[in-house]
Every structure is written in structure tokens, then in C-alpha cells.
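Reader: I have a model open and would like to learn how to read its features one by one. Could you walk me through it?

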Amino acid sequence: SFRGVVFRGEVLFGGTRFHNVADFREVIFKGQAVFEEAIFKDRATFWKAHFQDEANFESTTFGDEAVFSEVTLKGKTVFKRASFQSKVYFEGANFQNEANFERATFKGK
């Protein structure tokens, strides 16, 4: 669990495989956050997370629920070619810049 952590610089999770619940609730990303090509096999929770720079989820796979409720995304947000295999929640999400969902797939169960 990364709950409540503050990442001060660039964070690189690109290509990471998360086999258990990935808990990023209330995390603050001060630099660029890169999750490109990451695989979340279980639930991914970014509830109330703050992205102060770019958030890159390009080609990321969310195998179970993905929770982005009440998240703040100040920089460019990329979900290009992301795959959502189950439910995804964006209630109360605050996109303050460009959000790219080009060729993202939403299968929802």
C-alpha cells in the first residue's frame, strides 16, 4: 500500500505488474507519474490522489476495478490504449488539463 505517500519527483511504474490490490489512495504525485504498460491484476485504487504533473497510463491494463473517484489531475492525463476489464469509477474526478482516452477499451463486468 502506498496510501498517503508523497512522491516528490518523477515516479516510474512503467511495465510493473501489480498482482494484489494496488492502493494509491490519497497519494500526492508532485512530479510526472508514469504507469505506462503497467498491469493491475487486482483492484487499483487512486481515490483522492493528486497528480500535480503528467499522469501517464498509456497501454495500462486494469484487470479488476479501477477507482479514480475524487482524483485531481492537474497536468496532461494519458489513458491512450488503456484497457479497463471491469468497472472503472471517475466520480468527482477533476481533469484540469488535456485527457487522452484514444483507443481505450472499457469492457466492464
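**Strands and pairing**

Author: Happy to. Let us begin with two strands that run parallel: β11 (residues 61–62) and β15 (residues 83–84), joined by 2 bridges. Before going on, please note that this is a predicted model, in which local features need pLDDT of at least 70 and side-chain atom pairs count only at pLDDT 80 or more, while totals for chains, interfaces and linings use all residues. Residues are numbered from 1 along each chain as its sequence is written, and side-chain values use heavy atoms, with hydrogens and water left out.

Reader: Which residue in β15 is the bridge partner of F62?

Author: The general idea is that strands of a sheet pair through backbone hydrogen bonds, either parallel or antiparallel. Strands here are DSSP runs of E with at least two residues, and helices are runs of H or I with at least four, numbered from the N terminus. Two strands pair if DSSP finds at least two bridges between them. In this case, F62 has F84 as its bridge partner in β15.

Reader: In what order do the 5 strands of the open sheet come?

Author: The order is β3-β7-β11-β15-β19, with parallel pairing. At the edges stand β3 (17–18) and β19 (105–106); each has a single partner strand, so one side of each is left without a neighbour in the sheet.

Reader: Let us turn to the rings. How many aromatic pairs are there?

Author: Rings of Phe, Tyr and Trp (its six-membered ring) pair if their centres lie within 6.5 Å; planes under 30 degrees apart count as stacked, over 60 as edge-to-face and the rest as tilted. By this rule there are 39 aromatic pairs. One of them is F46 with F68, a stacked pair with 4.9 Å centre to centre and 5° between the planes. This pair links distant parts of the chain, 22 residues apart: F46 sits in the loop between β8 (44–45) and β9 (50–51), and F68 in the loop between β12 (66–67) and β13 (72–73).

Reader: Are F46 and F68 buried or exposed?

Author: Buried means under 20% relative accessible area, exposed over 50%, and partly exposed in between (1.4 Å probe, protein chains only). Both F46 and F68 are buried. For another pair, look at F90 and F95: the ring centres are 6.0 Å apart and the planes lie at 45°, so the pair is tilted. F90 is partly exposed at 24% relative accessible area, and F95 is partly exposed at 30%.

Reader: Which residues have the most contacts inside the largest nonpolar core?

Author: A nonpolar core is a set of buried Ala, Val, Leu, Ile, Met, Phe, Trp, Tyr and Cys residues joined through side-chain atoms within 4.5 Å. The largest one has 26 residues, and those with the most contacts inside it are F24, F35, F40, F46 and F51. For contacts in general, the cut-off is heavy atoms within 4.5 Å. Leaving out residues up to four places away in sequence, F46 touches F24, F35, F40, F51, F57, V67, F68, S69 and V71.

Reader: How many salt bridges does the structure hold?

Author: A salt bridge is a side-chain nitrogen of Lys or Arg within 4 Å of a carboxyl oxygen of Asp or Glu. The structure holds 5. Among them is R3 with E26, whose closest N and O atoms are 3.6 Å apart. R3 lies in the segment before β1 (6–7) and E26 in the loop between β4 and β5 (28–29), so the pair ties together parts that are 23 residues apart in sequence. R3 is partly exposed at 43% relative accessibility, and E26 is partly exposed at 32%. Another of the salt bridges joins R43 and E65 (3.5 Å, N to O). R43 lies in the loop between β7 and β8 and E65 in the loop between β11 and β12, so this pair ties together parts that are 22 residues apart in sequence.
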